[in-house]
Structures are given as C-alpha cells and as structure tokens.
Amino acid sequence: MNNSVIMLGTGSPRLNSERISSAQLLNMGNLSILVDCGEGATMQLVKAGIPPQEVKYLFFTHLHADHILGYANFLISGWVEGRRELTIVGPLGTKKMHELLLDMLKEDIAYRMSLGRPRAGIYDVTIIEIEVPSTVALDLPIEITCARMNHNVPTFAYRFEKDGKSIVFSGDTAPPTDGLAKLAEGADMIIHDSALTLIEDDQMENAEKIWANLQKEHCTPAQAASTAEKAKVNSLVLTHFLPKMNPKKVLAEAENVFSGDIFVPNDLDVIKF
C-alpha cells in the first residue's frame, strides 16, 4: 500500500520565493486528499504530476488566507479539466466562502458552461462543516477524526487512519497542545505547525509586536517535538516556515526533544509513512 504525503506548500503568509503557503496532499491507498489549499497549490499538484481533477476531497484546517487562497484555482481548474464531484470539509464558514466564490465567478462559470461543461463538479460541491471535535462521516475506507486546536480562529487538526496506518495534520496551533497529542497518540506521522522559527534579521514593520503575538498562535520546533514525543508518534514533519529560517537550527531544536524521525521538508518533498 502506498502511504505518503506530498508537501506542496511548507511556507507561511510571508512571501517566500522558495515556499508557497500551506498545502499538503495525502495519498492513502488509492485515495488522494488535499489538506489546506494555499495560493499556488494547484500548480504544485501539476508539478508533482498529480492531475488536479483527480483530487476529489479537500480538508481545510481553518480559513486563514494562507490556507485557502488557492481554492478558487483548485475548484475552477479541476472542474475545467474534468472533475465532476468534490467534497470539502472545514470549519464553520467554509460553505459561505465557497458560495461567495461561486457568486464572484458566476459570469466566468456561465461562459464555461455555455461551451458545454456541466453543473456537476462546480454547483453541486458537497460541503461538510465542523463545529466540534468529532468523527468526520464520509463514505470512504478511512477513519477520520478531528480535534479543536489553539488558534485565533476555529481550527481543527485531522487524523486519517486506514489498515493500521495513521497520519495527523495539526493545522495552526499554539500550546497547550494536549488535545493534539491525544488525537495523534500512536500515529505513524504528524505534520506539525512550526511557524515560530526565529528570524534573526527580520526587518518587517512592527516585527517585535508581531513576533509576540505569533507566540500565542503557533509552535516552535521544540514545542512541536514535545507534542510528537508525548503522542509517541513515529515521525514528525515540521512545516509552516517563515522566510530565512535555518533548517539546521530547526532540526537541532526538534532533535533535542523528540526521539523519532524528524523531517524539515522543502516544497514538493514526498514523505512516506
């Protein structure tokens, strides 16, 4: 069985020529699931050799811009290329976002339909909104559960499990991460927010104030490693990196805490589990 995750986007909201913002493609058996859809995610799928129209499930951890701005391209391009069914899972507000997008693009969609494309895959998208931690009920051979994270908007981590193999996507979160550790207990792999990778020469306006606030919303590599160690997972994949972060320092910080395998990936890296 082929179980892997393609790290389509390992960056943050900050512009970075080497990393787009958050997006990962989970391959579990013969099923592909997109987790978050930052700007550029669809082209990353193409670069990875994955036809976007073949991805029929998308999970949003939350609705911050760096996790959703690629959705318009994913929706329209996949439909144009032949996708005729799509299921979206996300927090409350996902349906409204989708409907606003359809309204904004209604003339474009109408034109494409006038050329013969059907309503299927664009006007019949299934939207499942999550309000509380639960099992996500989908007609799939995968058990999917979620837990609420500690962030400034409703944010959910997801655990996908099939035939004894499991992987967890944290989304954005800050400590305490006890709920995440419980969700990830015994998992093969956790993809964990590690946005708090200190930029020593950050010149952004109000950098100190922004950094202080970020500590209430995200994790350091050591904090992510602590969650992974507590959950007794096999592998930790760090992501959500700010520009100019030092991969060696990030790895060293996590290695001081977590005894399993640690990955500090680049965009488009494929990691098996």
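## Ground rules

Strands here are DSSP runs of E with at least two residues, helices are runs of H or I with at least four residues, and both are numbered from the N terminus. This is a predicted model, so to speak of a local feature we need pLDDT of at least 70, side-chain atom pairs count only at pLDDT 80 or more, and totals for chains, interfaces and linings use all residues. Residue numbers start from 1 along each chain as its sequence is written, and side-chain values use heavy atoms, with hydrogens and water left out.

## The overall picture

The protein has nine helices and 13 strands. Its radius of gyration is 18 Å, close to the 19 Å that the globule rule gives for 273 residues, so the protein is as compact as a globular protein of that length. (That radius is taken over C-alpha atoms, and the rule is 2.2 Å times the number of residues to the power 0.38.) The C-alpha trace spans about 60 × 45 × 35 Å along its principal axes.

Of the 273 residues, 52% are buried; that label means under 20% relative accessible area, with exposed over 50% and partly exposed in between, using a 1.4 Å probe and protein chains only. Take the contacts with a separation of 6 or more: 66% of them come from residues 24 or more positions apart. A contact means heavy atoms within 4.5 Å.

Strand β3 covers residues 31-35, and five of its five residues are buried. In a regular strand the side chains alternate between the two faces of the sheet. Here both faces are covered: Leu31, Ile33 and Val35 sit on one side, with Ser32 and Leu34 on the other.

On pairing, which takes at least two DSSP bridges between two strands, β3 has an antiparallel partner in β2 (residues 23-28), with five bridges. The two form a hairpin with two residues between them, and Gly29 in the turn has a positive phi of about 65 degrees. β3 also runs parallel to β4 (residues 57-59), joined by two bridges. Val35 turns up in both pairings: Gln24 stands opposite Val35, and in β4 the bridge partner of Val35 is Phe59.

## Around His151

His151 is in the loop between β7 (143-148) and β8 (156-162). With 13% relative accessibility, His151 counts as buried. What does His151 contact, leaving aside its neighbours within four places in sequence? The list is His62, His64, Asp172, Thr173, Glu217 and His218.
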